[in-house]
Amino acid sequence: MNKKSATKKATSELDSVEPCLETRKGNLRSDATTRACPRGAMFNGDCVASVKHRPTEASSVVAISDLGIDLVSIHGSTGTSPVVAPSDTGILPVLAGILPALRAAAQRASRPWRRRQKRWQGPGRKLQILRRSLQIAVLLLLILIPVLSLYDHLRNQRDEVGIQSRWDTRTVHSLVQDVEQPERFTQAVRGSVWTLKAGDFIISDPLAVVDFIAASRVLVDRFLITALIPVLLSLLLGRVFCGWLCPADLLFEAGSRIRSWAGIETDVRFSRRTKYALLALGLLAGLLLGTQFFAEIYPPRIISAEFYLWITFGVFGAGAWFFLLILAFEIFVSRRFWCRYVCPGGALYSLLGRWRVVRLKVQESSCTNCRLCDKACEFGLSPMQGKFGPECNNCGLCMRACPHASLSYRLSLPPRDGLDVVSENLKSA
Ligand code: SF4
Ligand code: SF4
């Protein structure tokens, strides 16, 4: 066999050797020799196949001294004549060593993604797409309303009074300058941080309404009516605002993802009753002091107000720092701390949705007690045992996690034993 064909054969043999399992796990065997590997692919404790050393034109294998691999000669799988390494220590050999390592890391990282993809095929898939779309749409609306309102206002100022503003030089201007009549949208959809006006409908957050009533001690019928739709929805669907519309929930769920990606297990638990106590105390404080206490700490309102500040004045207020603090606490200390234990809005929606008509049910015949639904629940409930309680926001994450489709939404009035479970939950909270 001539030199050229020997090189070709050695190359194809090395390429065909797969890295051994141990090397894939990253456990290089320091005492291994070529004889220790049944495939003959080990050299000086390193898996040659995983590094994919290729013989050069001079029938040699590159020395990768930068990576601490002192490769002087190699016995191929044929066990024939040793191949001598040249003194090449340039960038290519370094890359040759790094790329397989990067590939292995990417393979490792893609494993959970594949698992997620599998789970994503479950029956709750479409529901989760819908839920995410709604949450993102709400977030975008909170940005779009102040952007178009301000643009409309400044454009009128410029056209009527001739005042040039810094707005003209902003990026937002270039983004929205093609909107011909922003006032059409801004007249149709308006809002404050608590209220949304869409056409003739005005919808207010029920927490804003009770907070206002407590602070002003006045019952304004027209304001009360604006909370009617959210109240009815909560009576029917439970804490659905939290799971499907609240912009803070989207960001808190992102925090949960960061927790699981970073492998943070710490989860300090508090009493769920805290939020009910805070709701009562806040209303009492409003009644006595005449101030709207919740406005300062309610995350959906904070997000809305901070977007307005940022878009209008280019700055963030104290609320942004407060929100970031909560998020950091959730990531490092307590999973979904705010919504589970503190949020007065969550407390009010839980109370309203206590006897909701649409609720999840477990089908015991197909349930295998794998507890995957329990693990998926961000609020730490036990869907597997049917313990949803008033806290459940009908988000459907547990349903998506079930590989046997044992969870589904049902229309039902809460049965007697359902009420027992609710009170049991409240007791254990
Ligand atoms: S508990 Fe509060 S912050 Fe959490 S989702 Fe509900 S309203 Fe939003
Ligand atoms: S029990 Fe299921 S639907 Fe209810 S909050 Fe937990 S994951 Fe969401």
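The questions below go from confidence to ligands, helices and loops.

Biologist: In which element of the protein chain is confidence highest?

Modeller: This is a predicted model, and the mean pLDDT of the protein chain is 73, with 59% of residues at 70 or more. Confidence is lowest in strand E3 (residues 73-74), at a mean of 30. At the other end, a value of 96 belongs to H16.

Biologist: What share of the residues in the protein chain is buried?

Modeller: The chain has 20 helices and nine strands. Among its contacts between residues at least 6 apart in sequence, 69% join residues at least 24 apart. Of the 429 residues, the buried share is 32%.

Biologist: Which helices each supply at least two residues of the shell around ligand 1?

Modeller: The residues around ligand 1 are Cys242, Cys246, Ala248, Asp249, Pro299, Pro300, Trp338, Cys339, Cys343, Gly345 and Gly346. By helix, the ranges to compare with that list are 247-262, 299-313, 337-342 and 344-352. The helices with at least two residues each are H12, H14, H16 and H17.

Biologist: How many residues of the shell around ligand 1 are charged?

Modeller: Asp249 is in the shell, and Asp counts as charged. The shell also holds eight nonpolar and two polar residues. The charged count is one.

Biologist: How many charged residues does the shell around ligand 2 have?

Modeller: This shell comprises 14 residues, the closest being Cys377, Cys392, Cys395, Leu397 and Cys398. By class, 11 are nonpolar and three are polar. The number of charged residues is therefore none.

Biologist: At roughly what angle do the axes of H12 and helix H15 cross?

Modeller: Two packed helices are described by the angle between their axes and the distance between the axes. For H12 and H15 (residues 318-332), the axes come within 8 Å, and the crossing is right-handed. The angle is roughly 35°.

Biologist: Which residues of H15 make the contact with H12?

Modeller: From H12 come Leu251, Phe252, Gly255, Ile258 and Arg259. Over both helices, the contact has five nonpolar, one polar and two charged residues. The H15 side consists of Leu327, Glu330 and Ile331.

Biologist: Why is H8 largely enclosed by the rest of the structure, and against which elements do its buried residues pack?

Modeller: H8 is largely enclosed because eight of its 11 residues are buried. These are Pro206, Leu207, Ala208, Val209, Asp211, Phe212, Ala214 and Ala215. They pack against strand E7 (201-204), helix H9 (221-225), H10, H13 and H17.

Biologist: Is Ala295 buried or exposed?

Modeller: Ala295 lies in the loop between H13 and H14, and touches Asp211 and Arg301, not counting residues up to four places away in sequence. The cut-off for burial is 20 or more other C-beta atoms within 10 Å. Ala295 has 20, so the class is buried.

Biologist: What is the phi of Asn369, roughly?

Modeller: Most residues other than glycine have a negative phi. Asn369 is found in the loop between strand E8 (358-362) and H18, and is exposed, with 10 other C-beta atoms within 10 Å. Its phi is positive, about 55°.

Biologist: Is Arg371 buried, partly exposed or exposed?

Modeller: Arg371 is found in the loop between E8 and H18 and has a positive phi near 65°. Buried would take 20 or more other C-beta atoms within 10 Å, and exposed 12 or fewer. Arg371 has 14, so the class is partly exposed.

Technical notes:
Residues are numbered from 1 along each chain as its sequence is written. Chains are lettered from A and ligands numbered from 1 in the order in which they are written. This is a predicted model: local features need pLDDT of at least 70, side-chain atom pairs count only at pLDDT 80 or more; totals for chains, interfaces and linings use all residues. A residue is near a molecule or strand if its C-beta atom, placed from the backbone, lies within 6 Å of it. Helices (H or I, at least four residues) and strands (E, at least two) are DSSP runs, numbered from the N terminus. pLDDT is the predictor's confidence in each residue, from 0 to 100. Two residues are in contact if their C-beta atoms, placed from the backbone, lie within 7 Å. Axes are lines fitted to C-alpha atoms, for helices over the stretch in contact, and angles run from 0 to 180 degrees between N-to-C directions. A crossing is left-handed if the near helix is turned anticlockwise from the far one by less than a right angle, and right-handed if clockwise.
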